[in-house]
Amino acid sequence: MKSALRQGITPNIEGIKGLAEQYQSLKSPADKAAFALKMFGKNGLEMAKILEKTPDQIQAMADALEGSSLIMSQDAVQAAKEYRLKLDEMNDSWTALTVTVGTKAILK
């Protein structure tokens with residue numbers, strides 16, 4: 001999904017349905033494989049199984065998963081993003097502390 005995000009594709013059901021339409025408009029299996037790999041990186045061939053489905057089939061799959069732990073709400077996505085940023089800040093602070101302590105130990 002990171003590859004799709006980098007290309008401006010929102011990894012939600014609507015985004016996946018749009019990608020499925022693009023994927024299905026391609027004629028050759030090689031073009032389809034290249035598209036899937038471009039959009040999803042090394043997981044592209046696995047995602048191709050979903051891209052083979054019609055938008056209605058994808059929506060039905062999403063509806064079947066609604067309320068399960070496999071689908072994250074927008075609030076959960078935002079909380080995960082904020083957690084990752086806070087964790088990154090903490091790691092930066094830890095690195096700065098260890099460099100400072102190490103530098104002071106060397107200078108003594």
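Predicted model: local features only at pLDDT ≥ 70, side-chain atom pairs only at ≥ 80, totals over all residues.

Two packed helices are described by the angle between their axes and the distance between the axes. I will give both values for each pair.

Start with H2 and H3. Helix H2 covers residues 13–25, and helix H3 covers residues 29–40. The angle between H2 and H3 is about 155°, and their axes are 9 Å apart. Anything over 145 degrees counts as roughly antiparallel, so H2 and H3 are roughly antiparallel to each other. The crossing of these two helices, H2 and H3, is right-handed. On the H2 side, the contact is made by Ile 16, Leu 19, Gln 22, Tyr 23 and Gln 24. H3 contributes Lys 32, Phe 35, Ala 36, Met 39 and Phe 40. Sorted by class, the residues in the contact of H2 with H3 are 7 nonpolar, 2 polar and 1 charged.

Next, H3 against H4. Helix H4 runs over residues 44–51. H3 and H4 pack at an angle of about 110°, with axes 8 Å apart. The range for roughly perpendicular is 65 to 115 degrees, so H3 is roughly perpendicular to H4. H3 passes H4 in a right-handed crossing. From H3, the contact uses Ala 33, Phe 35, Ala 36, Leu 37 and Phe 40. From H4, it uses Gly 44, Leu 45, Met 47, Ala 48 and Leu 51. What is the class make-up of the contact of H3 with H4? There are 9 nonpolar residues, 1 polar residue and no charged residues.

In H2, the residues involved are Ile 16, Leu 19, Ala 20, Tyr 23 and Gln 24. They meet Met 47, Ala 48, Ile 50 and Leu 51 in H4. This contact of H2 with H4 has 8 nonpolar residues, 1 polar residue and no charged ones.

Now the aromatic rings. How many aromatic pairs does the structure hold? It holds 1. Tyr 23 and Phe 35 form an aromatic pair, with 6.3 Å centre to centre and 50° between the planes, and the pair is tilted. Tyr 23 sits in H2 and Phe 35 in H3, 12 residues apart, and the pair links distant parts of the chain. Are these two residues buried or exposed? Tyr 23 has a relative accessible area of 5%, under the 20% limit, so Tyr 23 is buried. Phe 35 is at 11% relative accessibility, and so Phe 35 also counts as buried. Going back to the packing, Tyr 23 is in the contact of H2 with H3 and in the contact of H2 with H4. Phe 35 is in the contact of H2 with H3 and in the contact of H3 with H4.

Met 39 lies in H3 and, at 7% relative accessibility, counts as buried. Arg 6 is found in helix H1, residues 2–6, and Arg 6 is exposed, with a relative accessible area of 64%. Where is Arg 6 relative to Met 39? The two are 33 residues apart in sequence and 9.0 Å apart in space, C-alpha to C-alpha. Arg 6 and Phe 40 are 34 residues apart in sequence, with a C-alpha to C-alpha distance of 10.0 Å.

Two further separations involve the region around H6. Ser 73 lies in the loop between helix H5 (55–65) and helix H6 (74–107). Ser 73 is partly exposed, with a relative accessible area of 42%. Ser 73 and Ala 34 are 39 residues apart in sequence and 31 Å apart in space, C-alpha to C-alpha. Asp 75 lies in H6 and is exposed, with a relative accessible area of 65%. Asp 75 and Lys 32 are 43 residues apart along the chain, and their C-alpha atoms are separated by 33 Å.

That is what I have; I will take questions.

How values were computed:
Residues numbered from 1 in each chain as written. Heavy atoms only, no water. Axes fitted to C-alpha atoms, helices over the stretch in contact; angles between N-to-C directions. Helix = DSSP H or I, 4+ residues; strand = E, 2+ residues; numbered from the N terminus. Parallel < 35°, antiparallel > 145°, perpendicular 65-115°, else oblique. Left-handed = near helix turned anticlockwise from the far one by under 90°. Contact = heavy atoms within 4.5 Å. Nonpolar A, V, L, I, M, F, W, Y, C, P; charged D, E, K, R; others polar. Buried < 20%, exposed > 50% of the residue type's maximum accessible area, 1.4 Å probe, protein only. Phe/Tyr/Trp six-rings, centres within 6.5 Å; stacked < 30°, edge-to-face > 60°.
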